Amino acid sequence: LLTTRDGFSIGYTTVKDEVRRWKREHSFRETFIEQEPPVGWRGEFDFADVVLCIGREECTFSCGGMVLPSSLYRFGRLYRHSGHLEVVQCHIDFFNEIGAVPETIFYDRLGVVYNSRLKRLNDNFLRFAVHCGFTPHVCNAASPQEKGTDEQTVGYIRRYAFGERDSFDTFQEACQWLSTCIDEINHLPAYRRDLTPAEGLEVERTHMKPLPSLEYTNCHTRRATLNKYSMVRYENTFYSVPTTYRGRTITMQAYVDTIRLIDGEQVIATHPRRSNSPEPVSDIRHFIKTF
């Protein structure tokens, strides 16, 4: 308790409540000005988790979302992981679908895009942006209003596609369902737009940059050492190599869904990519000679 000069006792919590009330009544109210970017100039990106039941197993996937604020054209894809490869692949898939590249794309402080500790864009992502010809723009911290369209888009896509159905036999079926739902969204009337998003995209595309002439290779490449079980490791998961291979090191290429193991120019093994799985990924044919 606090004691005033007049001898009255008052609780500290009461003082805090009064100060909070005074600030609410006398401070300036935060307001924002709605932006209307030029046609075809801006895109917005975000990633969000989606919990789905595949078969009988509950799994968490990453949903990459893109939106063009001018036309409200939306794009979304499901990915098993949420790293640099998936973020870049979502951009590539989006650019290929619309057949063009916006002038700039807005992000929140996504770790793949922006290093908050160093306060600058990540070099790997910046190289990708330069290759495609767009300018990445990172919003200020705790400022969702700077990228509000896409914050609403990811939630809208999740509700529309998976609000009533969240169980699928395979991951591929869930991806196809999401694509079908987004196609329906893009052909529905859009808020405060004279054209549907699909029709508006046709107008926006004429104001965008063309696709890059060279395809971007979206993979992680590194050297890997074989252990005594003829396996190599990527992200704590082991992948098998034919026991007939005599070398000790190989080149590993990790894609969004695939791991390729290469010796020189020859691909000696290909596996589906798993993330931090305790179960090794092996091909029984790699061990036939040993058996």
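Where is the place of Leu 195? Leu 195 is in the loop between helix H5 (171–185) and helix H6 (197–205). Helices here are DSSP runs of H or I with at least four residues, strands are E runs of at least two, and both are numbered from the N terminus.

Hi everyone, a quick word on the model. It is predicted, so local features need pLDDT of at least 70 and side-chain atom pairs count only at pLDDT 80 or more, while totals for chains, interfaces and linings use all residues. Residues are numbered from 1 along each chain as its sequence is written, and side-chain values use heavy atoms, leaving out hydrogens and water.

Leu 195 is partly exposed, with a relative accessible area of 38%; buried means under 20%, exposed over 50%, and partly exposed in between, using a 1.4 Å probe and protein chains only.

Now look at two backbone angles. Ser 230 is not a glycine, yet its phi is positive, near 60 degrees. Ser 230 sits in the loop between strand S11 (220–225) and strand S12 (231–234), and it is buried, at 9% relative accessible area. Which residue has a positive phi of about 65 degrees? That is Asn 236, also not a glycine, and Asn 236 lies in the loop between S12 and strand S13 (237–240).
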